[in-house]
Number of protein chains: 2
Amino acid sequence: MIEHSLALVGFGNVGQAFARLLMRKQAELEKDFGLTFKVTGIATGRHGMAIDPAGINLPRALEIVRKGGNLDELSKVPKPNSMLDFIRSCPANVLFENTPVNHETGQPAVDHLRTALECGMHAVTANKGPVVHAYRELTDLAHSKGLRFMHESTVMDGAPIFSLLRAALPGAELKGFHGILNSCTNLLLELMEQGNSFDEAVRYAQSIGIAETDPSADIDGWDAAIKVAALATVVMGIPLKPQQVERQGIRDITPQMIEEARRAGERWKLVCRARLENGNIVASVRPQRVKPDSPLYSINGTSSYVQFELDVLPGLGIVESDPGPETTAYGLLADWLNIIRGV
Amino acid sequence: MIEHSLALVGFGNVGQAFARLLMRKQAELEKDFGLTFKVTGIATGRHGMAIDPAGINLPRALEIVRKGGNLDELSKVPKPNSMLDFIRSCPANVLFENTPVNHETGQPAVDHLRTALECGMHAVTANKGPVVHAYRELTDLAHSKGLRFMHESTVMDGAPIFSLLRAALPGAELKGFHGILNSCTNLLLELMEQGNSFDEAVRYAQSIGIAETDPSADIDGWDAAIKVAALATVVMGIPLKPQQVERQGIRDITPQMIEEARRAGERWKLVCRARLENGNIVASVRPQRVKPDSPLYSINGTSSYVQFELDVLPGLGIVESDPGPETTAYGLLADWLNIIRGV
């Protein structure tokens with residue numbers, strides 16, 4: 001039985017949920033997959049870094065971070081000078097990258113993942129940035145080293161979108177997709193349907209942690225455009241930048257428009273679309289009224305939906321209901337297990 | 001490059017759609033999977049049988065059957081005495097089983113599949129009967145011979161339900177599922193919403209080939225119960241017979257009930273459910289009113305839906321829109337490619 005060594009870069013909500021999921025699944029992974037593991041390194045932005053080749057005590061690490069402490073105290077090696085130094089020093093087979101990312105550059109996640117691959121680790125991330133900005137580079141680098149670059153959690157959290165298309169639809173030709181990929185705007189539109197003004201809806205979404213302090217990336221459709229670009233780049237095999245996605249957010253949706261749609265039995269949704277036309281991808285994010293006969297109609301709150309159009313399946317839709325940090329954490333776990341299984 | 005030899009047992013709508021799909025995908029399969037194939041045998045109930053070790057001319061076979069002729073004329077060997085004799089005589093690597101099946105016994109499909117496996121062929125079927133009545137036996141037999149028994153098309157046509165759970169959700173624990181799995185009743189309920197009486201709806205569904213001459217298997221919930229049993233048996237790993245599914249069909253749904261639901265903004269749907277409770281599966285098929293916030297609400301016509309409840313994903317739903325015979329045929333193709341890829 002091989003013992004796998006895992007390094008975690010970024011230890012916020014997702015990283016911590018992943019650590020808890022690893023602990024909860026430990027016995028099951030040993031029983032069902034014959035695998036044992038230890039977390040040999042955890043690096044954070046504000047709570048220090050720890051490397052322990054014998055394995056870090058995860059409950060202890062979670063407690064330290066929860067109490068606002070510093071992980072340095074768990075480290076058995078001299079403190080690395082930087083995140084990249086940490087990655088180079090940490091004895092691990094797989095790196096899980098979940099640090100805050102700049103969506104215009106994909107950094108510093110791209111550098112973290114590249115360094116991990118150069119050091120001989122598989123690279124797994126929940127960050128969309130590296131997929132949009134460096135998918136080809138990281139995939140080719142991984143391939144050249146007999147490693148994998150995996151990113152299931154980047155679109156629709158842990159719902160198995162990428163592995164579905166990679167593993168379960170052989171011989172099918174993908175022509176396009178559409179769906180609801182941004183949770184925040186979906187919730188805001190629903191709050192407006194319940195009678196809130198746009199500003200009230202934003203304030204409520206902020207209060208429950210769904211909208212950011214500056215919610216413009218969601219509201220103006222950027223987050224959705226990045227997801228469209230990531231999906232198109234990977235599953236349609238044609239690199240697409242978020243800037244190439246025709247984009248319109250939900251700022252101009254008024255309570256009057258919401259009410260008019262309701263009277264017609266329809267709902268406003270921020271709809272993502274991509275379609276192959278003459279070898280090019282035509283992609284858009286824009287508010288649309290949807291009718292009750294569309295699966296988009298019943299996607300509520302922070303749930304999401306994507307429907308693929310394939311030559312052999314006219315409409316194959318995936319619904320993800322009620323996601324949370326553990327859902328995203330599961331995508332990281334699935335990526336790791338799929339690496340081990342060679343899927 | 002290996003040339004694969006395929007045998008088709010049953011050559012009705014699904015078998016013919018599969019033959020057309022094979023022809024359409026031939027160049028792509030060679031290019032993308034490096035595989036070439038020939039169909040060495042086709043056996044039908046009413047249009048004879050042909051075996052040709054060099055490969056049957058598929059367009060010719062399709063034309064003969066379309067014109068009501070007999071495939072015997074294409075055969076290069078003495079006519080087999082029976083379907084089982086055909087299977088034993090046909091030089092093939094994979095058998096595709098699509099004959100009419102008795103749902104109470106799974107026969108003669110079970111015998112066809114067992115014989116194919118005993119003769120060293122992989123066995124693929126679109127028939128639910130063998131999954132419900134002989135899943136363990138056929139899977140164990142296949143395993144003992146280094147072969148596979150595959151059945152993607154038995155539930156939701158070619159939508160990748162079984163391969164999703166087999167290949168894309170490692171380490172996830174399935175707790176239950178619910179959905180709409182019978183197309184005929186879903187269409188009938190919709191026709192009643194449009195103002196048709198139950199009998200008018202049945203007659204229309206019969207006229208377009210969705211309802212059988214005797215539609216009771218659909219209307220009384222048997223087809224749905226068989227699908228629940230097949231899904232539970234395979235994906236939850238606990239054998240379940242259709243008789244163990246609590247079952248209520250749609251005969252008692254009146255236009256008044258449909259209208260009452262409509263006034264409340266709801267719709268009647270025939271809902272399938274299965275859930276693990278204390279190690280046992282509790283399963284049911286029964287009409288239920290669903291609200292607009294349920295993905296079931298927007299499942300129209302012959303589309304279908306299943307939502308899995310997993311420990312790590314609270315709700316993962318799959319929508320299949322607008323299926324046809326080619327959708328089912330794709331499930332057979334996917335099974336074959338997954339056998340070759342070892343997925």
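**Ground rules**

I number residues from 1 along each chain as its sequence is written, and chains are lettered from A, and ligands numbered from 1, in the order in which they are written. In this predicted model, local features need pLDDT of at least 70, side-chain atom pairs count only at pLDDT 80 or more, and totals for chains, interfaces and linings use all residues, while side-chain values use heavy atoms, with hydrogens and water left out.

**Entry 1: how the two copies are related**

**Entry 2: the interface**

I looked up contacts, meaning heavy atoms within 4.5 Å. I find 47 residues of chain A in contact with 47 residues of chain B. Of the interface residues of chain A, 100% are also interface residues in chain B, so the copies meet through the same surface.

Next came buried area, the accessible area (1.4 Å probe) that two parts lose on being put together, summed over both. Chains A and B bury about 3,500 Å² between them, and 57% of it is on carbon and sulfur atoms. In chain A, the residues that lose the most area to chain B are A:Pro170, A:Val312 and A:Tyr330. Together they make up 17% of what that side buries.

I also looked up polar contacts. These are pairs of N or O atoms within 3.5 Å; within protein, one must be able to donate a hydrogen and the other to accept it, and residues adjacent in sequence count only if both atoms are side-chain atoms. The rule finds 18 residue pairs in polar contact across the interface, both residues at pLDDT 80 or more.

Which elements of chain A give two or more residues to the side that touches chain B? I list helix H1 (13-33), helix H6 (161-167), strand S11 (304-310), strand S12 (315-321) and helix H12 (325-341). Helices (H or I, at least four residues) and strands (E, at least two) are DSSP runs, numbered from the N terminus. The residues on this side of chain A divide into 24 nonpolar, 12 polar and 11 charged. Here Ala, Val, Leu, Ile, Met, Phe, Trp, Tyr, Cys and Pro count as nonpolar, Asp, Glu, Lys and Arg as charged, and the others, Gly among them, as polar.

**Entry 3: strands that pair across the chains**

Two strands pair if DSSP finds at least two bridges between them. I see 7 bridges joining S12 of chain A to strand S12 (residues 315-321) of chain B, and the two run antiparallel. A:Ser321 stands opposite B:Gly315 there.

**Entry 4: salt bridges**

I count a salt bridge when a side-chain nitrogen of Lys or Arg is within 4 Å of a carboxyl oxygen of Asp or Glu. The total over all chains is 50. Between chain A and chain B the count is 4. I checked B:Asp311 and A:Arg24, which form a salt bridge with their closest N and O atoms 3.4 Å apart. Inside chain B, the side chains of B:Lys25 and B:Glu28 meet in another (3.2 Å, N to O). These two are 3 residues apart in helix H1 of chain B, so about one helical turn separates them.

**Entry 5: a sheet in chain A**

In what order do the 6 strands of the open sheet in chain A stand? I read S3-S2-S1-S4-S5-S6, with mixed pairing. Strands S3 (49-51) and S6 (149-150) stand at the edges with a single partner strand each, so one side of each is left without a neighbour in the sheet. S4 and S5 (residues 122-125) of chain A pair in the parallel sense over 4 bridges. A:Phe96 stands opposite A:Val124 in S5.

**Entry 6: a hairpin in chain B**

Strand S9 (residues 267-277) and S10 of chain B pair in the antiparallel sense over 11 bridges. The bridge partner of B:Arg267 is B:Val290. S9 and S10 form a hairpin with 2 residues between them. B:Asn278 in the turn has a positive phi of about 55°.

**Entry 7: a cis bond**

The peptide bond from A:Gln107 to A:Pro108 is cis, with omega near 0°. I place A:Pro108 in the loop between strand S4 (94-97) and helix H4 (109-118) of chain A.
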